[in-house]
Amino acid sequence: MYGLLLENMSDYIITKYGAERWEEIRRLACVDQPSFSVHQVYPENLIGRLSNRAIEVLGVTERDFFEGMGVHFVGFVSQYGYDRVLSVLGRHMRDFLNGLDNLHEYLKFSYPRMRAPSFICENETRQGLTLHYRTKRRGFVYYAMGQIKEVARHFYRKEMGIEVVREELLVDTVHVTFQLTFDNRAFGLASLTMTREEKHLPVSASVLFEIFPFCIVFSSDMVVRSIGNSLMVILPDLVGNKITNWFDLVRPLVAFQFQKILNRTNNIFELVTVEPVLTGRPFDRKRSVLLSDESSSDCSAEKNLRLKGQMIYMDDWRMMMYLGTPVMPDLSSLVSTGLYINDLPMHDFSRDLMLAGTQQSVELKLALDQEQHKSKKLEESMRRLDMEMRRTDELLYQMIPKAVADRLRNGENPIDTCQMFDSVSILFADVVTFTEICSRLSPMEVVSMLNGMYSIFDTLTERNKVYKVETIGDAYMVVSGAPEREDNHAEKVCDMALDMLHAIKGLKDPSTGSHLCVRVGVHSGAVVAGIVGLKMPRYCLFGDSVNTASRMESTSEAMRVHVSQPTRDLLPPCYRLVERGEVQVKGKGTMKTYWLEGREADGRAAEAPRPEGDEEAVEEPPQPEDTARDGLELEDDRSVYSPVTFQEIAKRSLASSPKRQAAGRSNSTGSVRPLSSDVVGGGE
């Protein structure tokens, strides 16, 4: 079954009932493909599965569903240009019905595996006619009724009444007899008579059989009396035998009887030999080249001679003359049946069709090979595109939260992505004496140092499941509770702070050899978070809580975690905090703050590093056994935190690195400071 029928069903359901219903029907019928290719062949039972589910889901009768689908078919095929073919098939409705079989024969060029039905008219009157419908498929009676009704209404402006008179099953063929009621005045119109002067133009039988080399003359008892010249060469034993013993009637779907043929001489008759044609032609190496691989794999099927033509009753002879023409799709069929080009009649286009078809076949195969090559390239390009899109997504989600990025992709206004969070915890950290360190290093060494430090901190953000907001110079900002709301956000941020203090000891100042020192500040409160602006979008936090967290960091000390009272109130007892006392904070006045010393649970370090004043503790701080968590060794395996060392960056970037400036000259990188809390938080 070609996809044209399935695609018509899909379009009918979507147009009348909606795409949601079609998706439900397709899911219940276990059909994966949402659409169908018009020229592709699909399993025969597919339309039955879909129609059964459609009748259940839509709550309609079988007749209503298939009649509606048949009516929809006439308009559906117009997008492929078939409406023009239907409109010129006959001047009147009776002519249209009589020409349907011929139409299906022509369509076989586009749909070679089509199992077309057969339509035969009889008992015509001015009020209608009797239509015999034969098909190899079951369940298409109402479908055909809908098509006939719509053709009568759309092309001939006639209202058609159809009644099923009889339906029977003959072996594998369904035979349905319809009584069609419509205005059939064309039947009563007098045919135009042509006046002509007849002259005696005698034609001998030998000339006739030369003109029609594949003709067959048989009597009422179906015995062959004579055949054409070309047919005589390949089937010499046909004369004197019954034609029914040598040929099967493929179309129309009627019994192969003399009287049945006599009543339907307006139809095209297709005959095929019962047995393969045994020609005895020597298939030498040169001739076998003409046979394609496909034809050689099924050579017996191609050796059957197939004829198509018209039946004419010769009144003078009282015999039926079949004016047949061999159906030859390509040269391989010609070779396998033992025929040659000059065996084909010259008065029709058999030779032209054969040669043109072969040439077109070669061109189509070449075009198909080129398209397949292009298709492979396109598939490879699509695969690479998918890979790049995944990389782009990964990069985007590292810059912007996934939920927010997806909203921006959908065209949402950036300002609409802003959300209010009642309680989050914010961490600020920066390097102590960063400006002084930068003055002693080259720009590439500064970049290498920051890269190593940020690589460590980025790993810790994933370990503690907190969100990195931004880095400005040596400043590092982290939040928990946004963009994903968390109940234990204070604990996560404080764990991050403790891990940062322990991890930073693995990095040293290249100019002095001592390890870097950071100071950390933590505060909890309400913020507004989201994307602002159109260019270079960033996920930012706004509110007084951001200012306060920045003040906690600026008033902290080296290698210590400065915690505000709101954060202290959110921490469980397992965290060890020491009251610092009241501290004068710019813009906030006097605040009661705390030092976070450590945590006594979950395998974390019980003690935080001592202040920088204790030189012994700074150089060789005590390392509990639980310093490393989740397989990350802070002291023994520093490469986990810093995959690229200072020296590697300097060596690999030597060509592009600016020359080391004079020792006394100020370095532009060294002047970079963290973003002011006034800017980040929106001002005091």
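Let's start with what sits over helix 7: the cover on its buried residues includes helix 5 (82–87), helix 6 (93–98), strand 1 (118–125), strand 7 (247–251), strand 8 (268–273) and strand 9 (306–314). Cover here goes by contact, meaning heavy atoms within 4.5 Å. Helices (H or I, at least four residues) and strands (E, at least two) are DSSP runs, numbered from the N terminus.

A quick word on what we're looking at. This is a predicted model, where local features need pLDDT of at least 70 and side-chain atom pairs count only at pLDDT 80 or more, while totals for chains, interfaces and linings use all residues. Numbering runs from 1 along each chain as its sequence is written, and side-chain values use heavy atoms, with hydrogens and water left out.

Back to helix 7, residues 100–107. Six of its eight residues are buried, so the rest of the structure largely encloses it. Those are Leu100, Asp101, Asn102, Leu103, His104 and Glu105. When I say buried, I mean under 20% relative accessible area; exposed is over 50%, and partly exposed is in between (1.4 Å probe, protein chains only).

Helix 22, residues 544–554, is another one like that. It is largely enclosed by the rest of the structure, because nine of its 11 residues are buried. The list is Ser545, Val546, Asn547, Thr548, Ala549, Ser550, Arg551, Met552 and Glu553.

Take the contacts with a separation of 6 or more, and 65% of them are between residues 24 or more positions apart. The chain exposes about 36,800 Å², with carbon and sulfur atoms supplying 51% of that; those areas come from the Shrake-Rupley method with a 1.4 Å probe, and for residues only the protein chains shown count as cover.

Now, the empty space. Rolling a probe the size of a water molecule over the atoms shows where empty space is left. The work is done on a 1 Å grid over the protein atoms alone: a cavity is a set of points where a 1.4 Å probe fits but cannot get out, a pocket is an open set with protein on both sides within 12 Å along at least five of seven lines, and lining residues have an atom within 4 Å of a point. Grid points are joined across faces, edges and corners, and a volume is the space filled by probe spheres set on the points.

The largest cavity holds about 730 Å³ of space. It is lined by 30 residues, and Leu5, Phe73, His104, Pro117 and Gln147 are the closest to its centre.

On to the second largest pocket, at about 740 Å³. Of its 25 lining residues, Tyr397, Gln398, Met399, Tyr467 and Lys468 lie nearest the centre. Helix 17 (350–399), helix 18 (402–409), helix 20 (443–464), strand 12 (467–472) and strand 15 (539–542) each give two or more residues to the lining. Strand 12 has the largest share, five residues. The class tally for this pocket is 14 nonpolar, three polar and eight charged.

The peptide bond from arginine 251 to proline 252 is cis, with omega near 0°, and proline 252 is in the loop between strand 7 and helix 12 (258–262). Alanine 482 to proline 483 is also a cis bond, omega near 0°; that proline is in the loop between strand 13 (475–480) and helix 21 (489–503). And cysteine 30, in the loop between helix 2 (19–28) and helix 3 (46–58), has a positive phi near 60° without being a glycine. Cysteine 30 counts as exposed, at 61% relative accessibility.

Conventions. Ala, Val, Leu, Ile, Met, Phe, Trp, Tyr, Cys and Pro count as nonpolar, Asp, Glu, Lys and Arg as charged, and the others, Gly among them, as polar.
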